[in-house]
Amino acid sequence: MDLFSAHSTLLPIPIEDGELAFLEQLALPYAPQQVFARLQAETDWRAEQITVYGKRHFQPRLSAWYGEASYSYSGMTLQPLPFTPLQLELKAAVELASGRRFNSVLLNYYRDERDSMGFHSDDEAELGPRPAIASLSFGEPRTFILKHKRLARTLKIDLGEGSLLLMAGTLQQHWRHGINKQSQPCGPRINLTFRLIEPLA
Ligand SMILES: O=C(O)CCC(=O)C(=O)O
Ligand SMILES: [Mn+2]
C-alpha cells in the first residue's frame, strides 16, 4: 500500500529526498504508560559494545533485537529473540496504521538525558534500497533530529509517548538521524523501530 493512501492514518511531513509520516498517538488497546512499564519489564535489555576506531565502547543506551531475522550493524550481528505477545500486538497496530509489513524490531532504552543515538542512516543491505521503518515511542519525549547528507537542512521532531513516525522512500539514502544527549534532566524512554529484513540474494 502507498504511504499516502487514504487508508493510512499517518500524516505526511513534507521533506525533500525521502518520505516521512507522523501520527501523534497510535491507537492501542492499552494506555501508553502501561505499554512502557511492560516493555521495560519484559524486554531482555542488553548493554551492547561497539568498535569505533579499534576501541570498544558501550553504546550510550540499552537495546534488544526481536523478531524473525538476525541483523548486522556497527560491526556486530544481533541474533533475534522471538517476538513477545505485546510486541506482536504493537506490530499489528503499526502495520494497520502504516500499511506496511514488518518482521523484526529493534528496541532502544534511553535511561535518562545522558543516553543518546549517534547520527546514522538505517541503510544496511538487508533492509533493501528504500526501507520503511516505523518508529514507536513510549516514556519521556525526546527530540529526533534529521540532517540532510549534502544540503544544510535539519528537521527536528518531538517524539512523545505513543507517537509513530514512519521513515520511507529514499530517506535513508539522503538523510541521517539521531537523538542527542540533552542537558535538561529527563526520565527513561523506550523506542521501537519495526523493520522488514529481507533475505539477501
Ligand atoms: O530512538 C529513536 O527515536 C531512534 C532510533 C533509531 O534511529 C534506530 O533504532 O535506528
Ligand atoms: Mn535509525
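Predicted model: local features only at pLDDT ≥ 70, side-chain atom pairs only at ≥ 80, totals over all residues.
Visitor: Which residue in strand 12 stands opposite phenylalanine 144?

Guide: Strand 11 (residues 142-148) pairs with strand 12 in the antiparallel sense over six bridges. Within strand 12, the residue opposite phenylalanine 144 is isoleucine 157.

Visitor: Why do the buried residues of helix 1 lie on the same side?

Guide: The buried residues of helix 1 (residues 32-42) are Val35, Phe36 and Leu39. They are on the same side of helix 1 because the arc they cover around the axis is only 100 degrees. An α-helix has 3.6 residues a turn, so residues three or four places apart point the same way.

Visitor: Which residues are exposed on the other side of helix 1, and which strands are included in what covers its buried residues?

Guide: On the other side of helix 1, the exposed residues are Gln33, Ala41 and Glu42. The cover over the buried residues includes strand 8 (104-110), strand 10 (133-139) and strand 15 (189-195).

Visitor: How many nonpolar, polar and charged residues does the shell around ligand 1 have?

Guide: The residues around ligand 1 include Leu106, Asn108, Asp122, Phe144, His177, Ile179, Asn191 and Thr193. Strand 8, strand 14 (175-179) and strand 15 are the elements that give two or more residues to this shell. By class, the shell has five nonpolar, five polar and one charged residues.

Visitor: Which residue in the turn between strand 3 and strand 4 has a positive phi?

Guide: Strand 3 (residues 49-52) and strand 4 (residues 55-58) pair in the antiparallel sense over four bridges. In this pair, glutamine 49 stands opposite phenylalanine 58. The two strands form a hairpin with two residues between them, and the residue with a positive phi, of about 50 degrees, is tyrosine 53.

Visitor: Is phenylalanine 83 buried, exposed or partly exposed?

Guide: Phenylalanine 83 is in the loop between strand 7 (76-78) and helix 2 (85-98). Leaving aside neighbours within four places in sequence, its contacts are Tyr66, Gly67 and Leu88. A residue is buried at 20 or more C-beta neighbours within 10 Å and exposed at 12 or fewer. Phenylalanine 83 has 17 inside 10 Å, so it counts as partly exposed.

Visitor: What separates the C-alpha atoms of phenylalanine 83 and serine 104?

Guide: Along the chain, phenylalanine 83 and serine 104 are 21 residues apart. Their C-alpha atoms are separated by 8.0 Å.

Methods. Residues numbered from 1 in each chain as written. Chains lettered and ligands numbered in written order. Pairing = 2+ DSSP bridges. Arc of directions from axis to C-beta. Contact = placed C-beta atoms within 7 Å. Near = placed C-beta within 6 Å. Nonpolar A, V, L, I, M, F, W, Y, C, P; charged D, E, K, R; others polar.
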